[in-house]
Amino acid sequence: SEFAVCQNELFSLSPDLSVMTLGIWGQKSWKPWLVSGILDIASLSLMRDPKQMRQAERAELRRRTFLLLYYLLRSPFYDRYSESKILFLLRVLADYVPGVGLVARPLMDYLPVWQKIYFYNWG
């Protein structure tokens, strides 16, 4: 259908437009984050009713919906809001839940590095 084609085009163009807006406004600007988010949400909203989808389409819908969580790890949202809350949660879990510290402490050390490398040119 036309909606499916439009939806796929929006989803396919999103990385290119994201990199372009990063080049125009920079990584610290909220504009690339908002443009990319709007494109991803618009792409999802154009998908048809999940009840009418085949299993592979539903799996793709779940995958794309899950990818929206990555916006919590993208600058500038991560820098301003997520980083302190995620690190606080990991610290509490590491200190008060037995055994969790084995995973949480290295993750606390690695998360800022991972965010800067992986989400530097998110899209």
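Student: Which residues form one aromatic cluster?
Tutor: In this predicted model, one aromatic cluster is formed by Trp 30, Trp 33, Tyr 71, Phe 77 and Tyr 81.

Student: And how many aromatic pairs does the count come to?
Tutor: The count comes to 7 aromatic pairs. One of them joins Trp 30 and Tyr 81; this pair is tilted, with 6.2 Å centre to centre and 55 degrees between the planes.

Student: Which parts does that pair tie together?
Tutor: Trp 30 belongs to helix α2 (residues 30–45) and Tyr 81 to helix α4 (residues 77–96), so the pair ties together parts 51 residues apart in sequence.

Student: How does Trp 30 count in terms of relative accessibility?
Tutor: Trp 30 is partly exposed, at 24% relative accessibility. Tyr 81 is also partly exposed, with a relative accessible area of 38%.

Student: Why is the pair of Trp 33 and Tyr 71 edge-to-face?
Tutor: Its ring planes stand at 80 degrees, with the centres 5.8 Å apart, so the pair is edge-to-face; the cut-off for that class is over 60 degrees. The pair links distant parts of the chain, 38 residues apart: Trp 33 is in helix α2, whereas Tyr 71 is in the loop between α3 (55–67) and α4.

Student: Is Trp 33 buried or exposed?
Tutor: Trp 33 counts as buried because its relative accessibility is 15%, and buried means under 20%. Tyr 71 is buried as well, with a relative accessible area of 7%.

Student: On another topic, what lies over the face of Tyr 71?
Tutor: Arg 74 does, at 4.1 Å from the ring centre.

Methods:
Residues numbered from 1 in each chain as written. Predicted model: local features only at pLDDT ≥ 70, side-chain atom pairs only at ≥ 80, totals over all residues. Heavy atoms only, no water. Phe/Tyr/Trp six-rings, centres within 6.5 Å; stacked < 30°, edge-to-face > 60°. Helix = DSSP H or I, 4+ residues; strand = E, 2+ residues; numbered from the N terminus. Buried < 20%, exposed > 50% of the residue type's maximum accessible area, 1.4 Å probe, protein only. Lys NZ or Arg CZ within 6 Å of the ring centre and 35° of its normal.
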